[in-house]
Amino acid sequence: MTATSPQLTAPQASAAPHLSEDLLTPRFYTTEIAKAARTDLDAERPAFEAMLGEMEADYNRDHFDRKAPLDRVRDLAPEQKEAYESYLVRSCVSEFSGFLLFKELSRQLKLAKRPELSRLFNLMARDEARHAGFLNRALVAEGIVIDLPSLSGKRPVTWFPLNWVLYSVYLSEKIGYWRYILIDRHLKANPENAFAPLFDFFEPWCQDENRHGDIFNMLIRCWPGLNSGLRGRLLSRFFLWSVFLTHSLTVCERGNFYRLLGMDPDRFDAEVMRQTNRTARRAFPVVYQLTPTYFELRDQLVDTFRGMKACQAQPMRQLGLKLHFASLLLRQFLQPMERSDAPLAEVSA
Ligand SMILES: [Fe+2]
Ligand SMILES: [Fe+2]
């Protein structure tokens with residue numbers, strides 16, 4: 001898998017390590033367009049029409065005020081500023097990566113004579129462009145310019161089979177929804193921590209991500225066999241595990257941003273996982289049980305990941321940690337799952 005880093009043109013950006021490329025930098029994707037063009041909407045026609053109607057209605061058109069100032073309202077200490085900027089860069093590139101995927105799918109589906117599907121992807125691209133644009137404006141307010149057009153021209157692109165894209169984008173949208181809504185709820189309960197006007201937009205933002213997730217759930221249902229049998233169980237396990245793992249490493253690694261909001265990063269990460277796992281019952285045949293062991297393994301993975309980053313100059317120690325990390329990954333991947341139609345059990349962690 002290849003990664004790309006944002007082209008940062010602010011004078012301080014090239015020297016700032018928190019703005020550089022690393023393992024967690026968002027990726028850019030493409031997929032099997034010809035197969036996507038064979039999506040059979042017949043069985044899902046009423047849901048498709050309803051979702052297209054919702055997207056056309058653009059309920060959030062007036063909620064994203066392009067003229068709203070997005071400068072920080074509070075001065076931050078250098079490490080707080082770093083945490084905020086790093087969050088903005090990563091989120092902006094991530095939203096832009098969604099925009100590129102949807103825009104490309106829209107363009108190709110139009111060429112493949114699937115105008116309705118093309119329209120739906122174009123409307124999702126509209127939302128992601130709006131999100132990326134908002135984050136970009138917040139970055140400009142910080143004196144940082146990301147050259148997004150240059151990113152789209154030079155980016156290395158990762159190819160995924162269509163079913164991988166359907167599963168992973170569904171989960172990214174739903175985890176994005178839970179991330180934005182949980183931060184929004186927290187800041188409404190603790191307004192003294194809302195240090196930037198950007199956070200005022202998280203509620204309409206999360207509604208967009210939720211809608212996108214529902215659209216991908218509908219697209220998964222258009223492919224019978226994709227969410228049942230052994231293949232459905234394997235895809236569910238792999239994507240829940242990998243999306244949760246990426247989230248844990250990102251949130252725990254960049255914990256300062258969440259502390260700046262007055263949140264505990266570990267608890268936030270666990271709550272996002274629990275809620276996303278619960279939501280995924282509506283799309284996937286099985287979900288994780290998320291027992292306390294799952295979260296203990298999460299803690300060990302995060303600690304080992306930090307250790308690996310801290311001892312890069314010690315090859316033997318690094319090798320030992322890598323092997324330990326791999327064994328933890330395997331153990332977490334194999335944690336018990338349950339059928340999505342099983343009764344919900346409240347598990348504390
Ligand atoms: Fe988005
Ligand atoms: Fe989205």
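This briefing covers helix packing, helix lengths and selected loop residues. The model is predicted. Helix α8 (residues 229-253) comes within 10 Å of helix α6 (residues 162-189), axis to axis. Helix α8 also packs on α11, with the axes 10 Å apart. Helices α3 (residues 78-111) and α4 (residues 115-141) form another packed pair, at an axis distance of 7 Å.

**Helix α8 on its own**

- Helix α8 has 25 residues, which should span 36 Å at 1.5 Å a residue. Its end C-alpha atoms are 36 Å apart, so the span agrees with expectation.
- The buried residues of α8 are L235, S236, F239, L240, V243, F244, H247, S248, V251 and C252.
- The cover over these buried residues includes helices α6, α9 (255-260), α10 (265-279) and α11. Strand β3 is also among the elements that cover them.

**α6 against α8**

- The two axes cross at roughly 45°. Helices α6 and α8 are therefore oblique to each other.
- The crossing of α6 with α8 is right-handed.
- On the α6 side, the contact uses N163, Y167, S168, L171, S172 and I175. On the α8 side, it uses L235, F239, L240, V243 and H247.
- By class, this α6–α8 contact holds seven nonpolar residues, four polar ones and no charged ones.

**α8 against α11**

- Helices α8 and α11 pack at an angle of about 60°. That angle makes α8 oblique to α11.
- The α8–α11 crossing is right-handed.
- From α8, the residues in contact are S248, L249 and C252. They meet R298, L301, V302 and F305 of α11.
- The contact of α8 with α11 divides into five nonpolar residues, one polar and one charged.

**α3 against α4**

- The angle between α3 and α4 is about 160°. Helix α3 is therefore roughly antiparallel to α4.
- Helix α3 passes α4 in a left-handed crossing.
- The residues of this contact comprise 18 nonpolar, seven polar and four charged.
- Helix α4 has 27 residues and reaches 38 Å from its first C-alpha to its last. That is close to the 39 Å expected at 1.5 Å a residue.
- G143 follows α4 and has a positive phi, near 85°.

- D58 has phi near 50°, a positive value in a residue other than glycine. D58 sits in the loop between α2 (45-57) and α3.
- D58 counts as partly exposed, because 14 C-beta neighbours lie inside 10 Å.
- L290 also is not a glycine, and its phi is positive at about 50°. L290 belongs to the loop between β3 (286-288) and α11 (292-310).
- L290 is buried, because 23 other C-beta atoms lie within 10 Å.

- Is L198 buried or exposed? L198 counts as buried, because its C-beta neighbours inside 10 Å number 22.
- L198 lies in the loop between α6 and α7 (202-221).
- Leaving aside neighbours within four places in sequence, L198 is in contact with L70, F134 and A138.
- L198 and R72 are 126 residues apart in sequence. Their C-alpha atoms are 8.4 Å apart in space.
- D62 is found in the loop between α2 and α3.
- D62 counts as exposed, because it has 8 C-beta neighbours inside 10 Å.

Technical notes
Residues are numbered from 1 along each chain as its sequence is written. Chains are lettered from A and ligands numbered from 1 in the order in which they are written. This is a predicted model: local features need pLDDT of at least 70, side-chain atom pairs count only at pLDDT 80 or more; totals for chains, interfaces and linings use all residues. Axes are lines fitted to C-alpha atoms, for helices over the stretch in contact, and angles run from 0 to 180 degrees between N-to-C directions. Helices (H or I, at least four residues) and strands (E, at least two) are DSSP runs, numbered from the N terminus. Angles under 35 degrees count as roughly parallel, over 145 as roughly antiparallel, 65 to 115 as roughly perpendicular and the rest as oblique. A crossing is left-handed if the near helix is turned anticlockwise from the far one by less than a right angle, and right-handed if clockwise. Two residues are in contact if their C-beta atoms, placed from the backbone, lie within 7 Å. Ala, Val, Leu, Ile, Met, Phe, Trp, Tyr, Cys and Pro count as nonpolar, Asp, Glu, Lys and Arg as charged, and the others, Gly among them, as polar. A residue is buried if 20 or more other C-beta atoms lie within 10 Å of its own, exposed if 12 or fewer, and partly exposed in between; C-beta atoms are placed from the backbone. The expected span of a helix is 1.5 Å times one less than its number of residues.
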